[in-house]
Amino acid sequence: VILRWEDEVRSKARRYRPLALEEAIVSTQADANIRAPRLLVLGSPGSGKTTLIQYLAWSAASDTLFEQSLVPARIRLRDWERWAHANPETRFHDFLCAHYRPLVKGAPDVQTWSNWLRQGRVLLLLDGVDEIEDEEWFRQMLRELLAYRKTTLILTTRTVAFRLYEPQSEAFAVYWLGPFQVPQRDAYIRAYPARHGFDRTQLIEQLDSNMALKSLAENPLLLSIICFAVDDEAQPSLPETRAALYGRFVDSLLARPERVPIRYPAEPPPVRDKKRILAHAALCLLGQHRFSFTADDLNLALGAGLTKTGYGSAPTPWANALAKDLAANSALVRGYRSRSNTRDTMQFFLHAMIQEYLSAHALALRLDSEGCESELEVAGSPCSIRTLISEKAWTDPH
């Protein structure tokens, strides 16, 4: 279900009207004030924004949802931003050509993309407004896409980032990706592909009786983590807090049996050390306000974590091995080769939510060992843990 944001005046109370996805698309297509459908989809971390984008791309390719045949172009905005940094004085159709050229022999050229955009034959699916650096030059490039008045455009962003783009959102119908309702939650639990098996009825009853976890289970990603956590022969009980839930999830992935042999310089780090090292790296990378990073960035951050955890002052061989281990065995860190630059392999955490949890874990470790006045480097500037927590405590968690 998608809930439409129906505020006409900011001072008025916000009201929402439930709409199914198909209704939202039809409603937007019929809006006389919008030449082509323009949707801005808000959602909390793990609510399914990227999954929605993937589904819309499939629907367009299958001609099952939109009134006309459209060519889906699904783009991570952080990819376009990095490409635009490296290729100034280019236009969006140049990026589309570079992005899709490696995929298929005979992929559209620059002029074809330009024509399709002007003719309204493209469904632009731009994922992750909240993950870009938020520089004015790139925001201006986003606004220039509105010049393609016949092109259907759908953006996704975390709800907390909406206030940054609200002044530019007048051309969009704004929707909120709603939480799982109880029947949807229960259907997901019953269909979950368990590894070991767990009592699904018991889990449903436990969620109904625990208000804190019941609210977490409204989020698709968190519900999948809950199912993963209880699908454990050693610890079948349901964690009682969000931190305990994330902790068990991360520990379980780090403890997975080795599928790809990894050659460490000596005995591999135990799970406890891997988690500490990864937490420190997550905090380093999060402090740069980045959700994707190069392999070199990751190795440097892991190296700093290894040094802090007692693996020497020149831990490069350990960092290389651990990076491979995290990607190939635990899958906590993922990678993909940029389509627009085949030599550039980008890295990112399994989900931004996991990176944020690990960063919080690193802060907790630093608090225990060094106290609240311990200094960190956040976005290139020194900052005490006390100051950082005081500032973040007032940040909208949604």
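**Terms and model.** A residue is buried when its relative accessible area is under 20%, exposed when that area is over 50%, and partly exposed in between (1.4 Å probe, protein chains only). Helices (H or I, at least four residues) and strands (E, at least two) are DSSP runs, numbered from the N terminus. The model is predicted: local features need pLDDT of at least 70, side-chain atom pairs count only at pLDDT 80 or more, and totals for chains, interfaces and linings use all residues. Residues are numbered from 1 along each chain as its sequence is written, and side-chain values use heavy atoms, with hydrogens and water left out.

**View 1. Strand E7 and its partner E3.** Strand E7 spans residues 173-177, and four of its five residues are buried, so the strand is largely enclosed by the rest of the structure. E7 pairs with strand E3 (residues 38-43) in the parallel sense, over four bridges. Two strands pair if DSSP finds at least two bridges between them. Look for leucine 40: it stands opposite valine 174 in E7.

**View 2. Helix H4, wrapped by its neighbours.** Helix H4 covers residues 92-100, and eight of its nine residues are buried, so the rest of the structure largely encloses it. The buried residues are Phe92, His93, Phe95, Leu96, Cys97, Ala98, His99 and Tyr100. They pack against two helices, H3 (77-86) and H5 (110-119). They also pack against two strands, E4 (71-76) and E5 (122-127). A contact here means heavy atoms within 4.5 Å.

**View 3. The two sides of helix H9.** In H9 (residues 200-209), Leu203, Ile204 and Leu207 are buried. These three cover an arc of only 100° around the axis, which puts them on the same side of H9. The arc is that of the directions from the helix axis to the C-beta atoms. On the other side of H9, Glu205 and Ser209 are exposed. The buried residues of H9 pack against helix H8 (182-191), helix H10 (211-216) and helix H11 (220-230).

**View 4. The N-terminal cap of H9.** Aspartate 199 caps the N-terminal end of H9. A side-chain oxygen of aspartate 199 lies 3.2 Å from the backbone nitrogen of threonine 201. A polar contact is a pair of N or O atoms within 3.5 Å; within protein, one must be able to donate a hydrogen and the other to accept it, and residues adjacent in sequence count only if both atoms are side-chain atoms.

**View 5. Aromatic pairs.** Rings of Phe, Tyr and Trp (its six-membered ring) pair if their centres lie within 6.5 Å; planes under 30 degrees apart count as stacked, over 60 as edge-to-face and the rest as tilted. The whole structure holds 17 aromatic pairs. One of them joins tryptophan 113 and tryptophan 116, edge-to-face, at 5.5 Å centre to centre with 80° between the planes. The two tryptophans are three residues apart in helix H5, so about one helical turn separates them. Phenylalanine 228 and phenylalanine 249 form another edge-to-face pair, 5.2 Å centre to centre, with 80° between the planes. This pair links distant parts of the chain: phenylalanine 228 sits in helix H11 and phenylalanine 249 in helix H12 (residues 242-254), 21 residues apart. Phenylalanine 228 counts as buried because its relative accessibility is 13%. Phenylalanine 249 is buried too, with a relative accessible area of 8%.

**View 6. An aromatic cluster.** Trp80, Trp83, Phe92, Phe95, Trp137 and Phe138 form one aromatic cluster. Phe92 and Phe95 are also among the buried residues of H4.
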